[in-house]
Amino acid sequence: MNQQRIWVGMDVAAASVQVCCVSGEGEPLGVDFEIAQGREGYAQLTARLGALGREQGDFYVVMEACGGYHRRLAQFLFEQGWQVRVVNAFQVKRFGEVYLERDKSDAIDALTLARYGAMLHPEA
């Protein structure tokens, strides 16, 4: 079942969301992009993920609880039936350190979140 899953890391900021997808084994799928915060960006997000040709239930979204910026997106996705995991930022930071990810960018953070999900399967 893990091979079917696509883990979607989302690094959420005030104005934008960086998105990165990995396989159930944590391998990048070459699907990374940025959307704007808000309904229009969220619609783009679901359209881009839907274009991957997978069932909605195959996607597991992982984002950090970050100053409240994540709430609108998490609620939107949850209401649309997506699998959403909001995780502790400190734990994700430590996870990234284990994998020697010392560089910092929104894209790297989104990848780290996706890999965190793939490796540790956080609960909803």
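Let's start with Asp58, which pairs with Arg54 in a salt bridge whose closest N and O atoms are 3.2 Å apart. The term salt bridge is used here for a side-chain nitrogen of Lys or Arg within 4 Å of a carboxyl oxygen of Asp or Glu. Asp58 is buried, at 14% relative accessibility, while Arg54 is partly exposed, at 32%. Buried means under 20% relative accessible area, exposed means over 50%, and partly exposed lies in between (1.4 Å probe, protein chains only).

Before going on, please note that this is a predicted model, in which local features need pLDDT of at least 70, side-chain atom pairs count only at pLDDT 80 or more, and totals for chains, interfaces and linings use all residues. Residues are numbered from 1 along each chain as its sequence is written, and side-chain values use heavy atoms, with hydrogens and water left out.

## The other salt bridges

How many salt bridges does the structure hold? There are three. Arg94 and Glu97 form one of them, at 2.7 Å from N to O. These two residues are three apart in helix H3 (residues 89–98), so about one helical turn separates them. Helices (H or I, at least four residues) and strands (E, at least two) are DSSP runs, numbered from the N terminus. Arg94 is partly exposed, with a relative accessible area of 38%, and Glu97 is partly exposed too, at 37%.

Lys104 also takes part in a salt bridge, with Asp109, and here the closest N and O atoms are 2.4 Å apart. Lys104 is exposed, at 67% relative accessible area, whereas Asp109 is buried, at 16%.

Asp11 sits in strand E1 (residues 6–12). Is its side chain buried or exposed? Asp11 is buried, yet it has no salt bridge. The nearest side chain of opposite charge belongs to Lys104, 5.6 Å away. For charges, Lys and Arg count as positive and Asp and Glu as negative, with His and the chain ends not counted.

Setting aside residues up to four places away in sequence, Asp11 touches Ser16, Val17, Gln18, Asp106, Asp109, Ala110 and Leu113. Contact means heavy atoms within 4.5 Å.

## Inside the fold

In soluble globular proteins, nonpolar side chains tend to be buried together. Here, the largest nonpolar core has 23 residues, and those with the most contacts inside it are Val8, Met10, Leu45, Leu49, Met63, Leu73 and Leu77. Such a core is a set of buried Ala, Val, Leu, Ile, Met, Phe, Trp, Tyr and Cys residues joined through side-chain atoms within 4.5 Å. Another core, of 14 residues, lies apart from it, with Val62, Val87, Leu113 and Ala118 among them.

Leu77 gives a closer look at the largest core. Leaving aside neighbours within four places in sequence, Leu77 is in contact with Met10, Leu45, Thr46, Val61, Met63, Trp82 and Val84.

## On the surface

Which residues form a nonpolar patch on the surface? They are Val98, Tyr99, Met119 and Leu120, with about 410 Å² of accessible area together. Met119 belongs to helix H4 (residues 106–120) and is partly exposed, at 39% relative accessible area. Patches are made of residues with over 30% relative accessible area and no salt bridge, with like charges joined within 9 Å and nonpolar side chains (Val, Leu, Ile, Met, Phe, Trp, Tyr) within 5 Å. Accessible areas come from the Shrake-Rupley method with a 1.4 Å probe, and for residues only the protein chains shown count as cover.
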